[in-house]
Amino acid sequence: MSKFCIGITWDDVPHISAEDKALLWDSIPPHQRDARSKGIPALGSGVIYPVSEETYLVDPFDIPRYWPRAYGMDVGWKRTAALWGAWDQQNDVIYLYSEHYMAEAPPQVHADAIRARGAWIPGAIDPASSGSSQFDGKKLINEYQGLGLDLSFADNAVEAGLHAVYRRLVSGRLKVFKTLPSFLSEIRLYRRDEKGKIVKERDHLMDTMRYLVMSGMARATTEAHVMGETYAEAPRGNDSLTGY
């Protein structure tokens with residue numbers, strides 16, 4: 001028998017008034033509010049990023065041309081993912097604004113989708129891409145570079161990367177557009193098991209976020225810079241952990 005699950009929020013329940021919601025909200029501990037009001041699973045001590053979505057989710061907006069951009073990339077036949085970030089250097093805030101999330105497609109398809117977001121944007125890729133493709137024996141990073149992507153290897157220090165991402169999330173220096181459904185699906189279930197190990201399921205965009213924060217933004221650039229144009233830039237910020 002087939003099964004499916006539909007998520008609802010308390011906004012979908014007509015018999016709960018705005019006054020009741022306000023009273024309930026004040027009575028719920030902060031770490032349980034998303035679970036109670038939006039139906040987002042609460043993962044207790046296993047959750048990796050115990051930060052309320054209200055802290056980092058923002059409505060989409062037009063990104064200024066002078067904000068440098070980069071992306072993180074995770075490759076694989078079952079799922080290839082990429083996540084784009086734009087850096088407000090004046091306030092040292094990274095905005096995650098676009099995602100690529102596709103299964104069982106050849107490198108050409110992924111490369112086309114990534115170039116469509118801006119062929120001038122550099123990326124940081126999973127170091128495992130230095131291994132050979134299971135199909136033709138080519139190194140995946142070389143194949144993607146040959147398809148026009150500006151890629152370098154990402155720093156894959158997992159715990160340091162998780163710490164860097166968490167610091168930005170909790171301090172308001174990492175924001176996410178609300179229009180990234182696959183990202184939201186992953187971060188809501190990103191957790192550790194009872195032995196403290198990361199559950200390696202549906203975590204491709206979580207990996208790309210680490211690559212982006214730890215390595216990608218250090219390579220971030222603007223289209224004007226790539227094209228040799230000049231303009232007044234906003235002041236640069238600096239992160240003590242990542243060094244950019």
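Predicted model: local features only at pLDDT ≥ 70, side-chain atom pairs only at ≥ 80, totals over all residues.
I take a salt bridge to be a side-chain nitrogen of Lys or Arg within 4 Å of a carboxyl oxygen of Asp or Glu. Residues are numbered from 1 along each chain as its sequence is written, and side-chain values use heavy atoms, with hydrogens and water left out.

Entry: Lys200 and Asp203. I looked up this pair and found a salt bridge between the side chains, 2.6 Å from N to O. For burial I use relative accessible area: buried is under 20%, exposed over 50%, partly exposed in between (1.4 Å probe, protein chains only). Lys200 is exposed at 55%, whereas Asp203 is buried at 4%. I also noted a network of salt bridges that links Lys200, Asp203, Asp207 and Arg210.

Entry: Arg168 and Asp92. The side chains form a salt bridge at 2.9 Å, N to O. Arg168 sits in helix α6 (residues 158–171) and Asp92 in the loop between β3 (80–88) and β4 (93–102), so the pair links distant parts of the chain, 76 residues apart. Helices (H or I, at least four residues) and strands (E, at least two) are DSSP runs, numbered from the N terminus. Arg168 is buried at 0% relative accessibility, and Asp92 is buried at 8%.

Entry: Arg219 and Asp150. I found a salt bridge here, with the closest N and O atoms 2.7 Å apart. Arg219 lies in the loop between α8 (204–214) and α9 (223–226) and Asp150 in the loop between α5 (140–146) and β6 (151–153), so the pair ties together parts 69 residues apart in sequence. Arg219 is partly exposed at 28%, and Asp150 is partly exposed at 35%.

Entry: total. I recorded 10 salt bridges in the structure.
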